[in-house]
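Dear colleague,

Please find below the structure that I am handing over to you. My findings follow directly after it.

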Amino acid sequence: MYTGIIADMDSREANTLNIRFRDNMDKINSPVTETKLGTYGTWANLQNNQDDIVPLVFGEVHNMEPMLIDPSTLEYYFNQGNSESVIEIRDNGVPIYTRGVLTGGATITHSTGKFILTHPLAGQITASIQGVKDSINLTTGALVSGTYSNNIANLVALITTQYGKSYTRLTASELDLINLADFASNAAGVGIIINSKENVIDICSRLVDSVGGQLYFNRLGKLQILRLGDVTVDPSVTITEKDMLSELTIVEKTEVRAATKIGYCKNWTVQEGLLTGIPEQHQRHVCYRMVL
């Protein structure tokens, strides 16, 4: 049984159709975000970050560097859109804003993922952030807006169904919700920041790899998280000798096609600085032979 997608199709001969297959992982092989800052704010010199990706934070991250978007007002981007919380902002390691304690150092707007500092910085700014305030109901697969999660299984479900190119996003029916819910019951909280062009498959793999897991599409085309030692709901199958091929034979060999080799087995070198009367346009053809 094969479940996957067709990446390309062509024909080299009148009676042959060539199909290039990819597994289902190729469905989530698209950028998580391509949102750039663009022209924004008032700059004493020319703005130099128009083409930078606006930070996108999933889960909880620490010591991230927010994006300066308006030097005239000390405004920063820490996350795209509605965010859970700014835990702390630091200037060269010294807290200037701490949630619920030291609040005079910045004005936070969680709905837009921005904050404005009260005073200019003495050094480098860093922050601890709880990011995107959305999650996935792992029973139904539905999006739950306004609910934060830093659980690996939930973040994988959220990213694969809500981010990336619209035509590459998975649907709830393509998630193994039983598997994800089971994995969510024992997985630790994590966080990741995206501030460059990275693909959904890479980000989700990094989250899952952090606890020794692996993304996987089962035979029914549903996304799972597998980890050595964790039992899944997939039924066990006993493989015996009758399920194995006793002999492998070559049924057919494909026709060998001619190819072009460029720069293969070089046995010459160009002679530089010729002082002869050879016209300049012909000098590049003069060479020494080398014995290999």
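How many helices and strands are there in the protein chain? There are 4 helices and 17 strands, where helices (H or I, at least four residues) and strands (E, at least two) are DSSP runs numbered from the N terminus. Please note that this is a predicted model, in which local features need pLDDT of at least 70 and side-chain atom pairs count only at pLDDT 80 or more, while totals for chains, interfaces and linings use all residues. Residues are numbered from 1 along each chain as its sequence is written, and side-chain values use heavy atoms, with hydrogens and water left out.

**The chain as a whole**

Of the 292 residues in the protein chain, 36% are buried; buried means under 20% relative accessible area, exposed over 50%, and partly exposed in between (1.4 Å probe, protein chains only). The accessible surface comes to about 18,300 Å², and carbon and sulfur atoms hold 52% of it (Shrake-Rupley method, 1.4 Å probe; for residues, only the protein chains shown count as cover). Among contacts (heavy atoms within 4.5 Å) with a separation of 6 or more, 58% are between residues 24 or more positions apart.

**Nonpolar cores**

A nonpolar core is a set of buried Ala, Val, Leu, Ile, Met, Phe, Trp, Tyr and Cys residues joined through side-chain atoms within 4.5 Å. The largest one has 34 residues, and F58 and I225 have the most contacts inside it. Elements that each supply at least two residues of this core include β3 (56–64), α2 (177–184) and β15 (223–227). The element that gives the most to this core is α1, with 7 residues. Leaving out residues up to four places away in sequence, I225 touches I152, A153, V156, N179, L180, F183, V208, Q214 and L215. Another core, of 16 residues, lies apart from the largest one; V57, M64, Y97 and A127 are among its members.

**Aromatic rings**

Rings of Phe, Tyr and Trp (its six-membered ring) pair if their centres lie within 6.5 Å; planes under 30 degrees apart count as stacked, over 60 as edge-to-face and the rest as tilted. By this rule there are 3 aromatic pairs. One of them is stacked and joins Y76 and F115, at 5.6 Å centre to centre with 25° between the planes. This pair links distant parts of the chain, since Y76 is in strand β5 (residues 75–77) and F115 in strand β9 (residues 114–117), 39 residues apart. Y76 counts as buried because its relative accessibility is 7%, and F115 because its value is 0%. F78 and F115 also form a stacked pair, with 5.9 Å between centres and 15° between planes. F78 lies in the loop between β5 and β6 (83–91), 37 residues from F115. Together, Y76, F78 and F115 form one aromatic cluster. Separately, the charged end of K114 sits over the ring of Y77, 5.0 Å from its centre (NZ of Lys or CZ of Arg within 6 Å of the ring centre and within 35 degrees of the ring normal).

**Q130**

Q130 lies in strand β10 (residues 125–132) and is buried, with a relative accessible area of 12%. Beyond its neighbours within four places in sequence, Q130 is in contact with residues including G59, E60, R99 and Y148.

Yours sincerely
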